[in-house]
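This briefing is intended for readers who wish to relate the sequence to the three-dimensional arrangement. Please consult the structure shown below while reading.

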Amino acid sequence: MEFVDAVAARRMCRSFLPASLPADVVDRLLRLAQRAPAAGNTQGWQFLVLDVPAAVDRYWSVTLPSERRGTFPWPGLLRAPVLIVPYADPSAYVARYGEADKRARPSASAAEKQALAGGAEMWPVPYWYVDTAMAAMTILLGAVDAGLGACLFGQFEHEAAVRAAFGVPEALRAVATIALGRPDGTDRPSRSAVHRARPGLDTVAHRGSW
Ligand SMILES: Cc1cc2nc3c(=O)[nH]c(=O)nc-3n(C[C@H](O)[C@H](O)[C@H](O)COP(=O)(O)O)c2cc1C
């Protein structure tokens with residue numbers, strides 16, 4: 001598949017066939033995710049991979065109680081055979097930017113170097129989210145290329161419950177959850193996808209000045 005076609009075809013898919021995915025297909029997507037760019041090449045991402053029915057069921061049991069399932073607008077999402085939770089590790093970035101080569105960067109002031117190595121709260125842009133989101137996007141595009149569907153959705157207030165259910169280390173932050181599988185062909189785009197058009201380039205690109 002051409003890159004531009006994969007980008008153009010990518011849409012969130014929220015209705016899947018229950019068929020499982022071969023492990024090597026999932027591994028290939030995870031390897032692609034590892035190709036994402038990373039600040040200082042820190043690669044401070046981790047992936048919780050839920051690829052057996054018991055694990056997927058456990059995820060949904062802690063995030064979508066059975067009494068809310070009847071009104072859940074995307075029942076086909078629950079059939080996705082694989083869920084991947086990309087986690088960002090802030091401490092990996094603080095540690096990396098305290099390493100000798102980062103501290104020797106001539107382009108950074110002493111105050112900036114001190115700040116970045118000082119703690120996650122000192123970072124003006126938290127690169128762990130930037131990098132992990134790019135890794136997640138690579139999975140979404142890789143899924144299109146593999147003929148699969150994928151949906152990235154937020155964990156919102158369930159982050160702590162998911163962490164506890166799967167023994168995820170306290171320091172990691174969930175960026176989202178990605179459902180993966182084969183589309184069942186009945187998917188319909190979300191209301192936001194329908195009602196919020198992609199604006200013209202002149203609306204978002206500010207050439208030369210704002
Ligand atoms: C950070 C992020 C969080 C999202 N959270 C949800 C979500 O919780 N539920 C959902 O159905 N879609 C979620 N989406 C999908 C967006 O609604 C979707 O990307 C947008 O409407 C554009 O549609 P498209 O991706 O199909 O082109 C999320 C997307 C992103 C990037």
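How many helices and strands does the secondary structure of the protein come to? The protein has eleven helices and five strands. The model described here is predicted.

**Overall fold**
- The C-alpha trace of the protein spans about 55 × 45 × 35 Å along its principal axes.
- Of the 210 residues in the protein, 27% are buried.
- Among contacts between residues at least 6 apart in sequence, 85% join residues that are at least 24 apart.

**Surroundings of the ligand**
- The residues around the ligand include Arg 11 and Met 12, together with Leu 152, Phe 153 and Gly 154.
- Ala 176, Pro 189, Ser 190, Ser 192 and Ala 193 also belong to this shell.
- Two elements, strand 3 (149-153) and helix 10 (191-195), each contribute at least two residues to the shell.
- Classified by residue type, the shell around the ligand consists of six nonpolar, three polar and one charged residues.

**Asn 41**
- Asn 41 lies in the loop that runs between helix 2 (23-33) and strand 1 (45-50).
- Asn 41 counts as exposed because 9 other C-beta atoms lie within 10 Å, and the cut-off for an exposed residue is 12 or fewer.
- Although Asn 41 and Tyr 93 are 52 residues apart in sequence, their C-alpha atoms are 9.4 Å apart in space.

Notes: Residues are numbered from 1 along each chain as its sequence is written. This is a predicted model: local features need pLDDT of at least 70, side-chain atom pairs count only at pLDDT 80 or more; totals for chains, interfaces and linings use all residues. A residue is near a molecule or strand if its C-beta atom, placed from the backbone, lies within 6 Å of it. Helices (H or I, at least four residues) and strands (E, at least two) are DSSP runs, numbered from the N terminus. Ala, Val, Leu, Ile, Met, Phe, Trp, Tyr, Cys and Pro count as nonpolar, Asp, Glu, Lys and Arg as charged, and the others, Gly among them, as polar. A residue is buried if 20 or more other C-beta atoms lie within 10 Å of its own, exposed if 12 or fewer, and partly exposed in between; C-beta atoms are placed from the backbone. Two residues are in contact if their C-beta atoms, placed from the backbone, lie within 7 Å.
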